[in-house]
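I opened this entry to keep track of what I looked up, in the order I looked it up.

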Amino acid sequence: MQKSKMTSVNVSDQEAQHLCFQEWMKLQEQDLLELLHAHHHSSSSSASTYRTSANSDSHLKQLIAKSIKHFQDYIDNRRHFARNDVSAYLAPTWCTTLESSMLWISGCRPSSFIRLVYALGGRELESHLSNYLQGKRYGDLGELSTIQLKSVDELQMKTIRQENRLSQMLASLQEEIADQPIAIIANEVGNFAEICGEAEEALDKHAKCLMHVVEEADKLRMETFKELVMNILSPFQALEFLIASKKLHLCINAWGEKRDLQHGRNRGTAERNICPTLS
């Protein structure tokens, strides 16, 4: 998904923003199918050492790098549109209400990546416990080493500190709406339906500050994501994490669409089967 593709269509800002999100979701589906194929090939391999072989690692690293690039491309495209209309990304009309209720500064919380790793690791450890006790190994997220667990824990603490810092920055910007100059300008206008030059200037300044917070949040999301899949997890563990994270994202979107339709909120999005399985 390249900027040239996104900007070549003569559409409104809202339509372009919606199109950017739709293309990202389609790309998530395509990436997920490719990741599932790699996982199926690895799981069905007769060679017990396949998951840690050089050929396997090389292929999985290529898939991981591809997912990272797609994520970065989406962030770059989104930033391009957000610079003209950052408020739209803090209350996106293209998301379902379920998705919107889970947003943190126009996206997911970076620490949720780490929570997912812990959840998957605990689930796999529980399901394979009897085999682990017999000495069998799978190389999955249930087998995080002591060093890996320490790195994940340190990353979690670091990420949460940064999240709290950015949350406070956003809170301060929200509180400033009731302070000078915006509140004073609003109090002195004769016709509240009109917007004067002074108000435009104040709102533009506020939007610029919001944009900075959104960019910092996107940077933290990307840094946390890359640290996990490139530096902490093994290629096979990263593959499992990517599959689970994409399934979660796509399913929340699909479930949100269904619940919106149930409540009469039709956003013009068609229901799709976006949770592929290995079957």
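**Order of elements.** I read the elements from the N terminus on and got α-α-α-α-α-α-α-α-α-α-α. The protein has 11 helices and zero strands. I note here that the model is predicted.

**Whole chain.** I checked burial next. Of the 279 residues in the protein, 41% are buried. The protein exposes about 15900 Å². Carbon and sulfur atoms supply 52% of that area. I then looked at contacts with a separation of 6 or more, and residues 24 or more positions apart account for 77% of them.

**Helix α8.** I took up α8, which covers residues 146-175 and has 30 residues. From first C-alpha to last, α8 reaches 43 Å. That is close to the 44 Å expected at 1.5 Å a residue. I listed buried residues in α8, among them Gln 148, Val 152, Leu 155, Thr 159, Glu 163, Leu 166, Leu 170 and Leu 173.

**α8 against α10.** How do the axes of α8 and α10 cross? I found roughly 175 degrees, with the axes coming within 10 Å. Helix α10 spans residues 197-232. An angle over 145 degrees counts as roughly antiparallel, so α8 and α10 are roughly antiparallel to each other. I noted the residues that make the contact. From α8 they include Ser 151, Leu 155, Gln 162, Glu 163, Arg 165, Met 169 and Leu 173. From α10 they include His 206, Cys 209, His 212, Glu 216, Leu 220, Thr 224 and Ile 232. The residues of this contact divide into 13 nonpolar, seven polar and four charged.

**Glu 163.** I went back to one residue of α8, Glu 163. Is Glu 163 buried or exposed? Its relative accessible area is 2%, under the 20% cut-off, so Glu 163 is buried. I left aside neighbours within four places in sequence and looked for its contacts. Glu 163 is in contact with Trp 104, Arg 109, Pro 110, Ser 111 and Leu 220. Of these, Leu 220 belongs to the α10 side of the helix contact.

**The loop between α5 and α6.** I moved to the loop between α5 (97-101) and α6 (111-127), where Ile 105 lies. Ile 105 has a positive phi of about 50 degrees, although it is not a glycine. Ser 106 lies in the loop between α5 and α6 too. Ser 106 has a positive phi of about 70 degrees, and it is not a glycine either. I checked burial for both. Ile 105 counts as buried at 5% relative accessibility. Ser 106 counts as buried at 6%.

**Tyr 89.** Which residues does Tyr 89 touch, not counting those up to four places away in sequence? I found Gln 17, Arg 78, Phe 81, Ala 82, Trp 94 and Ser 106. Tyr 89 sits in helix α4, residues 87-90. Its relative accessibility is 4%, so Tyr 89 counts as buried. I also looked up its spacing from Ser 106. Tyr 89 and Ser 106 are 17 residues apart in sequence and 5.3 Å apart in space, C-alpha to C-alpha.

**A cis bond.** I looked up the peptide bond between Gln 180 and Pro 181. It is cis, with omega about 0 degrees. Pro 181 is in the loop between α8 and α9 (182-188).

Definitions and conventions. Residues are numbered from 1 along each chain as its sequence is written. This is a predicted model: local features need pLDDT of at least 70, side-chain atom pairs count only at pLDDT 80 or more; totals for chains, interfaces and linings use all residues. Side-chain values use heavy atoms; hydrogens and water are left out. Helices (H or I, at least four residues) and strands (E, at least two) are DSSP runs, numbered from the N terminus. Buried means under 20% relative accessible area, exposed over 50%, partly exposed in between (1.4 Å probe, protein chains only). Contact means heavy atoms within 4.5 Å. Accessible areas come from the Shrake-Rupley method with a 1.4 Å probe; for residues, only the protein chains shown count as cover. The expected span of a helix is 1.5 Å times one less than its number of residues. Axes are lines fitted to C-alpha atoms, for helices over the stretch in contact, and angles run from 0 to 180 degrees between N-to-C directions. Angles under 35 degrees count as roughly parallel, over 145 as roughly antiparallel, 65 to 115 as roughly perpendicular and the rest as oblique. Ala, Val, Leu, Ile, Met, Phe, Trp, Tyr, Cys and Pro count as nonpolar, Asp, Glu, Lys and Arg as charged, and the others, Gly among them, as polar.
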